[in-house]
Amino acid sequence: MGRTPLDAPARQQEVFAAVLGVLAEVGYARFNMDLVASRARASKASLYQRWPSKARLITDALKANLPQLPQPDEGTFAEDVRQILLAWGEPMPFDTAGIFLGLLEGSRQDADLACLREEHVDRAYTEHLRVAVDRAKARGELPERLDADILITALISTFVLRSEEPGVIDGIVDGLLRPLIGTFRAKQLVKE
């Protein structure tokens, strides 16, 4: 009986699971095709034939495992963010923080990875938050001059780095966003 080709969906998912596991465990600098081939029970030559670089292999693994994210419209920024983070927090079979740290490390070392990550992965996560920020600005919940990129980066980083902690979503929404929004609104009322 022959081996299942790497382009078969189930086999490809096995390879991608191995890729994300290795990335989370060893980081980008020590990530290599030998480790993936061993874990995925595949030949290194087959991996290189399909993916000419580790940056492309990692990006394809990430793209194949992006969660289906909603675009909620709960009427408030805080609740929109809560729904987005809840979707991110769905049970993930991978070490999200380890993958995130591996990507950050790799993006500093490999321009190809940085470009691929921005193009194919970052947008999938930031797009929904950007829509929520724009709506919040239009409703007057957030100041127009607010730097959306910094806020989005802060939300994603806090979530990813603390995702294993119980109550992290409530902490971000109720302990961080609601007080900030309340402070902004209070200042707006004083000005009026």
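Guide: The secondary structure of the chain comes to nine helices and zero strands. This is a predicted model, in which local features need pLDDT of at least 70 and side-chain atom pairs count only at pLDDT 80 or more, while totals for chains, interfaces and linings use all residues. Residues are numbered from 1 along each chain as its sequence is written, and side-chain values use heavy atoms, with hydrogens and water left out.

Visitor: What makes a stretch count as a helix or a strand?

Guide: Helices (H or I, at least four residues) and strands (E, at least two) are DSSP runs, numbered from the N terminus. Along the sequence the pattern reads α-α-α-α-α-α-α-α-α. The C-alpha trace spans about 75 × 30 × 25 Å along its principal axes.

Visitor: Why is Arg-41 called exposed?

Guide: Exposed means over 50% relative accessible area, buried under 20%, and partly exposed in between (1.4 Å probe, protein chains only). Arg-41 has 57% relative accessibility, so Arg-41 counts as exposed. Its place is the loop between α2 and α3 (44–50). Arg-41 also has a positive phi of about 55° although it is not a glycine. Most residues other than glycine have a negative phi.

Visitor: Why is Arg-39 called partly exposed?

Guide: Arg-39 has a relative accessible area of 38%, and therefore counts as partly exposed. This residue lies in helix α2 (residues 33–40).

Visitor: Which residues does Arg-39 touch, not counting residues up to four places away in sequence?

Guide: Arg-39 touches Ala-18, Gly-21, Val-22 and Glu-25, a contact being heavy atoms within 4.5 Å.

Visitor: What is the relative accessibility of Asp-80, and why is Asp-80 called buried?

Guide: Asp-80 has 0% relative accessibility, so Asp-80 counts as buried. Asp-80 forms a salt bridge with Arg-135, the closest N and O atoms being 3.7 Å apart. The pair links distant parts of the chain, with Arg-135 in helix α7 (residues 111–139) and Asp-80 in helix α5 (residues 77–88), 55 residues apart. Arg-135 is at 24% relative accessibility and therefore counts as partly exposed.

Visitor: Arg-82 or Asp-170: why is one buried and the other partly exposed?

Guide: Arg-82 has a relative accessible area of 12%, so Arg-82 is buried. Asp-170 has 41%, and is therefore partly exposed. The two form a salt bridge with the closest N and O atoms 2.6 Å apart. This pair also links distant parts of the chain: Arg-82 is in helix α5 and Asp-170 in helix α9 (residues 168–191), 88 residues apart.

Visitor: How many residues are in the chain, and what percentage of them is buried?

Guide: The chain has 192 residues, and buried residues make up 43% of them.

Technical notes. Salt bridge = Lys/Arg side-chain N within 4 Å of Asp/Glu carboxyl O.
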